[in-house]
Amino acid sequence: MLDQPAARLPVSQRTNPERSFTEEVRALRLGDGEIFRGEGILAVTKAILQSGVAYVGGYQGAPVSHLVDVLVESQDLLDELGVHLETCTNESSAAALLGASINYPMRGCVTWKSIVGTNVAADALSNLASPGVIGGALIVVGEDYGEGASVIQERTQAYALKSSLWLMDPRPSLPTIVRCTEKAFELSEATNTPVMMELRIRACHVTGEFVARDNVPPAISRNHRLAEPAAHNYDRISHPPSTYAHEKIKVEVRQPAAERFIVEHGLNEHLPGERSDLGIIVQGGITNVLVRGLDRLEVEGKIPTLVLNVTHPLASDQIADFCRGKRAVLVVEEGAPDYIEQAIHVLLRKRDIDTKVYGKDVLPMAGEYTAEVVTEGLLKFFAQSANDIDLSKPRERFEAARAGRAEAQRLLGGPLPLRPPGFCTGCPERPVFSAIKLLEREVGKVHISSDIGCHSFATLAPFNLGNSILGFGMSLAAAGAVAPVMQKRTISVMGDGGFWHNGLLSGVASSMFNRGDRVLVIMQNGYTSATGAQFIPNTSGNRRDGETTSDIAATLKAMGVGWLRTIRTYNVGTMLKTLREAMSTDDKGLKVIVADGECQLARQRRIRPQIAAQLKRGERVVRTRYGVDDEVCTGDHSCIRLSGCPSLVVKPSPDPLRSDPVASVNNGCVGCGLCGEVADAAVLCPSFYRADIVQNATWWDRLKWKVRSKVIGAMASA
């Protein structure tokens with residue numbers, strides 16, 4: 001099974017019963033008055049269908065990938081409603097979809113992961129925001145910010161300010177999220193402006209319920225097509241001189257209209273409190289964290305709070321009215337720069353409102369606002385602005401909790417070590433990095449340009465391979481100025497998802513055009529694996545049929561790549577030999593190695609139901625496992641340093657005369673064979689062995705087992 005390349009698997013074999021959204025799809029069909037229960041991102045998905053959306057698109061990325069994933073499995077429902085779903089190759093193409101709403105009264109929604117995805121989409125967003133829209137346009141971005149994030153620590157707020165896009169940041173409560181989603185389309189149409197809605201990880205995965213409404217078929221759709229295109233109107237095109245007028249309209253017309261809409265429709269929320277002299281203004285997305293901090297300090301319900309479910313534009317009159325008459329107001333704004341706090345300072349001073357504004361002086365300038373961080377900030381705020389509130393007991397509990405943690409760390413000899421992410425057991429990408437480690441033993445250290453994707457984990461232990469990450473599909477381009485000054489050729493690593501996203505043009509085409517003499521390794525695992533194994537152009541089939549859209553090797557040949565090898569990833573020896581050839585050949589120009597091997601996580605999801613069905617039918621099933629002979633293992637552990645597989649661990653040596661632990665393969669082994677391949681390619685100790693576990697054995701299997709057992713027993717007793 002492992003020898004079958006991912007790119008050539010029939011679509012029928014890729015059915016994934018273990019990764020199904022059956023319940024989620026059923027929830028999308030709920031009608032008026034029924035109770036929806038689920039996660040925040042699924043609530044958004046239901047809300048856009050209730051809003052009469054005509055088209056949806058997006059690029060996969062946490063924490064919003066489920067929006068498109070669920071809709072892919074809801075094709076029957078989308079066909080009934082006439083909603084078009086576009087699974088996009090990158091965020092730019094997703095943002096460009098919203099161009100339909102510039103000239104036609106069609107509601108559209110696109111989604112991606114921010115801030116990296118918003119960076120990619122920035123060109124299209126600027127050109128979209130300039131002429132504006134007549135159909136509601138909503139951009140749902142996963143605000144992947146904080147210690148659990150996997151991207152650069154920046155905020156979407158900057159893009160909203162730069163391009164005059166309205167930004168919603170809903171309080172993590174399903175009714176609030178759904179209402180904001182539905183109102184976003186109305187706000188967009190009322191102000192002719194695209195609306196962004198950022199959802200933090202907490203908002204995407206918060207669970208709850210709301211009263212559903214019927215899904216609304218769009219007036220213009222695949223089921224109700226237009227006979228004629230929109231009339232040509234140069235004012236709707238983002239090109240001078242129209243753009244000069246667009247800028248004035250943004251400031252003089254759209255923004256005032258948006259502020260009025262926010263107030264009239266109650267998009268921001270006012271949480272009442274007993275104190276009239278104090279107040280808190282908080283971004284909607286971190287409201288739950290703030291409430292938890294207030295609860296810990298036993299002051300919940302005492303401090304009036306303005307929840308900004310819309311953080312741009314700020315409803316200036318509403319904020320001024322909230323602050324007027326108060327001695328002090330705390331602005332709880334996560335991340336830097338402090339856009340909201342600065343804007344509130346300016347707003348109040350221009351209106352001669354002398355309320356003292358606290359914010360980043362009592363809260364950290366950067367970093368995620370966890371409950372502990374916010375609680376500490378609240379203590380500082382109250383200490384400086386409200387000494388009459390007795391917080392002695394809550395403060396004691398807070399300090400005691402911190403002291404307890406510090407003592408635990410002291411007893412453990414210091415802070416607990418971080419647990420970095422890593423490759424899945426049996427990952428087909430790990431053997432490639434094992435081969436690169438072996439290559440460096442021969443040729444020395446090589447500059448390695450890394451990329452976004454599962455292969456990013458190679459920058460961590462035990463491989464520690466990689467000098468830079470510049471963006472998705474950008475690894476080859478990132479080596480452009482390094483390669484000419486290096487004595488040895490550089491190696492760029494790119495996934496097949498990154499290849500289609502950006503790498504083909506930004507990397508391959510540029511390198512070919514500039515005659516770059518470099519090595520590119522493309523990990524072809526058949527999916528965009530890091531975000532949930534979504535289909536990509538070289539997947540064997542797409543969501544509508546079993547036909548593969550594109551082939552990476554054929555595309556590279558068409559681009560003019562002459563030195564091209566496709567290698568099965570698990571064959572470490574062959575991969576090492578190919579890398580050695582690529583680094584030493586006299587051929588100039590780009591040298592590409594397509595490392596082919598199906599994503600192991602997707603493969604396991606695919607074959608487990610098949611194996612279970614075979615066992616249920618009483619059919620013979622053979623499962624391959626690898627192990628380490630305790631008596632042969634020397635305890636050198638080079639195998640672990642060159643593999644890093646989670647199933648390859650250490651255990652105490654059974655030999656009382658040897659103190660060093662020995663290697664061991666635990667029950668997580670999926671039989672990929674990497675450990676044995678590395679042992680062979682690296683000429684390591686012969687301690688690895690392969691075992692075939694047979695279930696529902698035949699009479700021939702049993703006979704062979706008896707004969708082998710007798711022979712082994714006789715040899716052991718000799």
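Predicted model: local features only at pLDDT ≥ 70, side-chain atom pairs only at ≥ 80, totals over all residues.
User: Why is Asn 90 called buried?
Analyst: Buried means under 20% relative accessible area, exposed means over 50%, and partly exposed lies in between, with a 1.4 Å probe and protein chains only as cover. Asn 90 has a relative accessible area of 14%, and therefore counts as buried. Asn 90 is found in the loop between β3 (84-87) and α5 (91-97). Helices here are DSSP runs of H or I with at least four residues, strands are runs of E with at least two, and both are numbered from the N terminus.

User: Which residues does Asn 90 touch?
Analyst: Contact means heavy atoms within 4.5 Å. Not counting residues up to four places away in sequence, Asn 90 touches Tyr 59 and His 501.

User: What makes Arg 324 and Asp 321 a salt bridge?
Analyst: A salt bridge is a side-chain nitrogen of Lys or Arg within 4 Å of a carboxyl oxygen of Asp or Glu. The closest N and O atoms of Arg 324 and Asp 321 are 2.8 Å apart, and the pair therefore meets the definition. With a relative accessible area of 45%, Arg 324 is partly exposed. By this rule the count comes to 36 salt bridges.

User: Are Glu 598 and Arg 606, which form a salt bridge, buried or exposed?
Analyst: Both Glu 598 and Arg 606 are buried. Their closest N and O atoms are 2.7 Å apart.

User: How is the pair of Asp 692 and Arg 690 classified?
Analyst: The side chains of Asp 692 and Arg 690 meet in a salt bridge at 3.4 Å, N to O. Asp 692 is partly exposed, because its relative accessible area is 43%, whereas Arg 690 is exposed, because its value is 53%. Elsewhere, salt bridges that share partners join Asp 169, Glu 198, Arg 200 and Glu 334 into one network.

User: What makes β19 an edge strand?
Analyst: Two strands pair if DSSP finds at least two bridges between them. An open sheet of 6 strands has the order β16-β15-β17-β18-β20-β19, with parallel pairing. Its edge strands are β16 (468-469) and β19 (563-568), each of which pairs on one side only. β19 pairs with β20 (residues 591-596) in the parallel sense over 6 bridges. Within this pairing, the bridge partner of Thr 566 is Val 594 in β20.

User: How do you know that both faces of β18 are covered?
Analyst: In a regular strand the side chains alternate between the two faces of the sheet. In β18, Val 519, Val 521 and Met 523 on one side and Leu 520, Ile 522 and Gln 524 on the other are all buried. Accordingly, 6 of the 6 residues of β18 are buried. β18 also runs parallel to β17, joined by 5 bridges, and Gly 495 stands opposite Met 523 in β18.

User: What does the angle of helix α17 to β18 refer to?
Analyst: Axes are lines fitted to C-alpha atoms, for helices over the stretch in contact, and angles run from 0 to 180 degrees between N-to-C directions. Helix α17 (residues 430-443) lies across β15 (448-450), β17 (491-495), β18 (519-524) and β20, and runs at about 155° to β18. Helix α19 (residues 496-513) packs on the sheet, touching β17 and β18, and its direction makes about 135° with that of β17.

User: What makes Val 711 part of a nonpolar surface patch?
Analyst: Patches are made of residues with over 30% relative accessible area and no salt bridge; like charges are joined within 9 Å, and nonpolar side chains (Val, Leu, Ile, Met, Phe, Trp, Tyr) within 5 Å. Val 711 belongs to helix α25 (residues 699-717). Together with Trp 699, Trp 700, Leu 703, Val 707 and Met 715, Val 711 makes a patch of about 690 Å², with accessible areas taken from the Shrake-Rupley method.

Terms used. Residues numbered from 1 in each chain as written. Heavy atoms only, no water. Areas by Shrake-Rupley, 256 points an atom, 1.4 Å probe, with all protein chains shown as cover.
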